[in-house]
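Please find below my comments on the model under review.

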Amino acid sequence: MTSLCANSTIYSFNSNISLHSKNISVFNFMPPIKRNNVYSPYAIRCSNIQLSDPNYVTIFDTTLRDGEQAPGASMTAKQKMDIACQLAKLGVDVIEVGFPAASQAEFDLVKLVAQKIGNNIDEEGYVPMICGLARSTKEDIDRAWESLKYAKTPMIHMFIATSDIHMKYKLNMSREQVVKRARSMVAYARSLGFEHVRFSLEDATRSDKEFVYHIIGEVIKAGATCICVADTVGCNLPNEFAQLIVDIKANTLGIQNVILAVHCHNDLGLATANTLVGICAGVRQVDVTINGIGERAGNASLEEIVMAIKCRGKEVLSGLYTGINTKHIFTTSNMVEEYSGLKLQPHKAIVGVNAFSQESGIHQDGILKNRGTYEFIPAEDVGFIRATEHGIKLGKLSGRHALKIKMLELGYNFEEKQLGELFWRFKSLAERKKVN
């Protein structure tokens, strides 16, 4: 049994390749850590995100593309433009705006974002890359170039399916034909002027590994600068997904010269976990959406990935970090929830309405004495503004301490005997009906 992350036993698995062997290790793929970081994330994020700092994790946001593919999540062009502006304020490295070949409206939006947001350089030199999706066809690539070429740093995100089931039933193509198409279309995209060509293997987690190594090597030779491994149907468990990344890095020619990315779906509720183990295995670009929205069960959630790195990156992930301004997370989440119409679970991590609320008496007492007892993440770090100072909700499980504080917030200061009588009357009422 081997452990995935250094000094951690979160994910362990049996494997022919030991992640802690002298030859192949998750962290052997990472250059030595700089403890006193002298790099600026803005230098990486401006015109060249290619391996400038091995500790920097690039955030590829696909809320406007994959996120909008969630049933019922369609948004107007104005709403999508507002979200794109907010994503830039949040500090994402890449904004995947849409699929330019899908419609004229989609083409126009991608072009507008490329022109406006893709050239809006802030005082620290940051400007997001603007990305558009394209199938591996000349028509799609042409439309992508015509819409994206106005951005300071345009990126094309090409893809082709690599699993046998997709190649047989969807593409009706052989493996040889798929490799030939992928190789030629990557070269074509480079010939148009794209310096950043991202190539995704759709359904990579159900693809033959030897074929995966081969096609990646071929598109790298053709000019791909970023390779994305997609768990398209969200079928992998963390141990097998991590092993896939390790195997790709160990067996693919040229992989050390490109950015490696992952795109994880949430069909088994493991998109965040799979993305994080991918990072542990050496991935340095992650696909995310605000609130985790997307096809079927959704995608890896930006807020969960970013806060996991922010809170545990130094201690557990050997100094990894992102360039996200986390204080804009809550505002961005609210905007996407409102515009998409997809309501959040109250207990959604980081941004759910209950994420920073307590109703249990034991928890409330701890919070009132020291907030760190039950709040690992400070609400202020994600821009959450409490309705009251303590964020306490009264209910049938609440204790005397919480009731006293709530009464003081309302302007009532009861003596202990009065408070005791009030407490039992309150408990009796709370057991019969919900207290808002």
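1. Overall composition. The structure is a predicted model. Its chain contains 14 helices and 10 strands. Of the 436 residues, 56% count as buried. The accessible surface of the chain is about 19600 Å², and carbon and sulfur atoms contribute 51% of that area.

2. Contacts along the sequence. Taking contacts between residues at least 6 apart in sequence, 71% join residues at least 24 apart.

3. Strand β5. This strand covers residues 129–135, and six of its seven residues are buried, so the rest of the structure largely encloses β5. I would ask the reader to take this strand as the reference for the next two points.

4. Pairing of β5 with β4. Strand β4 (residues 94–98) runs parallel to β5, with four bridges between them. Opposite Glu96 stands Cys131 of β5. The two strands, together with helix α3 (residues 104–116), form a right-handed β-α-β unit.

5. Pairing of β5 with β6. Strand β6 (residues 154–161) also pairs with β5 in the parallel sense, here over six bridges. Gly132 has Ile156 in β6 as its bridge partner. From β5 the chain passes through helix α4 (residues 138–148) to reach β6, and this β-α-β crossover is right-handed.

6. Backbone at Asp203. Most residues other than glycine have a negative phi. Asp203, which is not a glycine, has a positive phi of about 60°. The residue sits in the loop between β7 (196–202) and α7 (209–222). Is Asp203 buried or exposed? Its relative accessibility is 0%, and Asp203 therefore counts as buried, the limit for that class being under 20%.

7. Backbone at Arg296. A positive phi, of about 50°, is also found at Arg296, again not a glycine. Arg296 belongs to the loop between β10 (285–288) and α10. With a relative accessibility of 47%, Arg296 counts as partly exposed.

8. Helix α10 (residues 302–312) includes Ala308. This residue is partly exposed because its relative accessibility is 22%, whereas a buried residue would have to be under 20%. Which residues does Ala308 touch, not counting those up to four places away in sequence? They are Leu276 and Gly313. Ile377 is 69 residues from Ala308 along the chain, and the C-alpha atoms of these two residues are 9.8 Å apart.

Methods: Residues numbered from 1 in each chain as written. Predicted model: local features only at pLDDT ≥ 70, side-chain atom pairs only at ≥ 80, totals over all residues. Heavy atoms only, no water. Buried < 20%, exposed > 50% of the residue type's maximum accessible area, 1.4 Å probe, protein only. Pairing = 2+ DSSP bridges. Right-handed = clockwise from strand over helix to strand, strands pointing away. Contact = heavy atoms within 4.5 Å. Areas by Shrake-Rupley, 256 points an atom, 1.4 Å probe, with all protein chains shown as cover.
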